[in-house]
Amino acid sequence: MECITKPSLNEKETEDNLLTNFSSMVLHDKEIQVPQEFVWPDHQKPSPNVPILQVPLIDLAGFLSGDPFLVSEATRLVAEGAKLHGFFLVTNHGVDEKLMSSAYTSMDKFFLSPTCEKQKAQGEWRESWGYANSYFGKCKKNLPWKEMLSFSFSPEEKTENHSQIVKDFIIEKMGDGYKDFGMVYQEYAEAMSNLSLKIMELLGMSLGLKRSHFKDFFEDNESILRLNYYPKCKQPDVVLGTGPHCDPTSLTILQQDNVSGLQVLVDNQWHSIPPNPQALVVNIGDTLRALTNGIFKSSLHQAVVNSETERKTIAFFLSPKVNKVVKPPEELGGERMYPDFTWSLLHEFVKKHYKTDENTLEEFTKWLKNGGNV
């Protein structure tokens with residue numbers, strides 16, 4: 001049965017809740033003009049045509065085979081991408097194709113539901129879980145043209161009493177009718193966590209570190225799985241699906257659909273990374289940049305939308321256990337670029353005090369030196 005939510009003049013709703021409801025209606029109605037809250041400044045509006053970014057394509061099966069030549073080639077390519085702009089593609093990654101297909105098609109069950117159904121999974125804007133159709137509470141302009149459903153994930157949660165954190169969250173919020181939906185993303189999160197550890201082995205070797213160094217550091221990760229839904233827009237030249245940002249996390253694995261939208265800023269020019277059905281997009285986040293003492297780069301990237309069709313992506317954001325100290329291994333040497341910190345501190349900084357950009361780590365360093373005060 002269809003349900004409809006409508007703001008009531010008799011209810012004392014907060015401005016954020018009004019804007020949330022308004023946003024949700026705008027994203028799906030046949031709007032004539034984009035509301036001003038979603039219009040970006042002229043200098044940030046997306047360019048209609050951007051060049052394609054040439055990123056390394058890495059065969060993970062070759063790396064995992066142990067063949068000396070293939071291992072050497074994979075470490076060379078991953079170092080090239082990680083040090084230049086922080087982006088690369090991986091093929092033969094071992095994630096089951098049926099699982100990836102099911103994860104993609106299952107998104108419709110949630111995002112095409114009525115607003116009040118989706119709001120059952122509503123999350124607080126300072127949390128990393130739940131449903132949101134924008135980063136409300138953080139800003140009320142330059143809003144992203146998107147909806148999201150995010151899950152917290154940690155392999156450490158596999159205990160007798162709490163073995164399936166993603167599935168349990170969905171059932172708790174949405175009911176038993178979403179059990180199969182939750183199971184898909186539980187399995188998907190587990191697969192991406194395992195894949196991220198393999199990629200971490202490769203990244204560690206590319207720096208001359210012990211193969212297990214980064215894998216061991218992230219084995220008990222506390223990560224985020226996010227489903228992104230970008231509705232079509234009649235004025236795609238004035239909005240952004242996701243604004244320019246650097247990921248504050250460590251490593252992002254992105255499954256794109258067949259609709260182009262990902263753009264990366266390199267040499268002060270936006271470039272696109274078109275969908276590749278055989279590959280997953282991987283990029284370095286600020287935490288890994290700090291963990292490698294700045295050797296690996298994290299670049300600004302954004303998502304654009306179009307007027308013809310919606311775009312759907314799935315992102316797995318790898319992060320260390322919140323209380324682990326982020327400190328470069330001594331083998332890397334060199335003068336320290338950033339102080340020691342825990343992921344929980346950086347997460348607090350970007351959630352409460354700073355909108356992520358290319359200067360996040362520098363501003364975070366100042367914040368730490370100032371005793372955690374802005």
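The model described here is predicted. Helix H7 itself spans residues 165–174, and its buried residues are Ile165, Val166, Lys167, Phe169, Ile170 and Met174. The elements that cover these buried residues include helices H5 (107–111), H6 (115–118) and H8 (179–206), together with strands S3 (130–132) and S4 (147–153).

The axes of H7 and H8 lie 7 Å apart, and the two helices pack at an angle of about 155°. Angles over 145 degrees count as roughly antiparallel, and H7 and H8 are therefore roughly antiparallel to each other. The crossing of H7 with H8 is right-handed. On the H7 side, Ile165, Val166, Lys167, Ile170 and Ile171 take part in the contact, meeting Lys179, Phe181, Gly182, Met183, Tyr185, Gln186 and Ala189 of H8. By class, this contact comprises 8 nonpolar, 2 polar and 2 charged residues.

Strand S8 was considered next. This strand covers residues 262–266, of which 4 of the 5 are buried, so S8 is largely enclosed by the rest of the structure. Strand S8 pairs with strand S11 (residues 301–303) in the antiparallel sense over 3 bridges, and Leu262 has Ala303 of S11 as its bridge partner. Strand S8 also runs antiparallel to strand S9 (residues 269–272), to which 4 bridges join it; here Leu265 is partnered by Trp270 of S9. The hairpin of S8 and S9 has 2 residues between the strands, and Asp267 in this hairpin takes a positive phi near 55°.

Technical notes: Residues numbered from 1 in each chain as written. Predicted model: local features only at pLDDT ≥ 70, side-chain atom pairs only at ≥ 80, totals over all residues. Heavy atoms only, no water. Buried < 20%, exposed > 50% of the residue type's maximum accessible area, 1.4 Å probe, protein only. Contact = heavy atoms within 4.5 Å. Pairing = 2+ DSSP bridges. Axes fitted to C-alpha atoms, helices over the stretch in contact; angles between N-to-C directions. Parallel < 35°, antiparallel > 145°, perpendicular 65-115°, else oblique. Left-handed = near helix turned anticlockwise from the far one by under 90°. Nonpolar A, V, L, I, M, F, W, Y, C, P; charged D, E, K, R; others polar.
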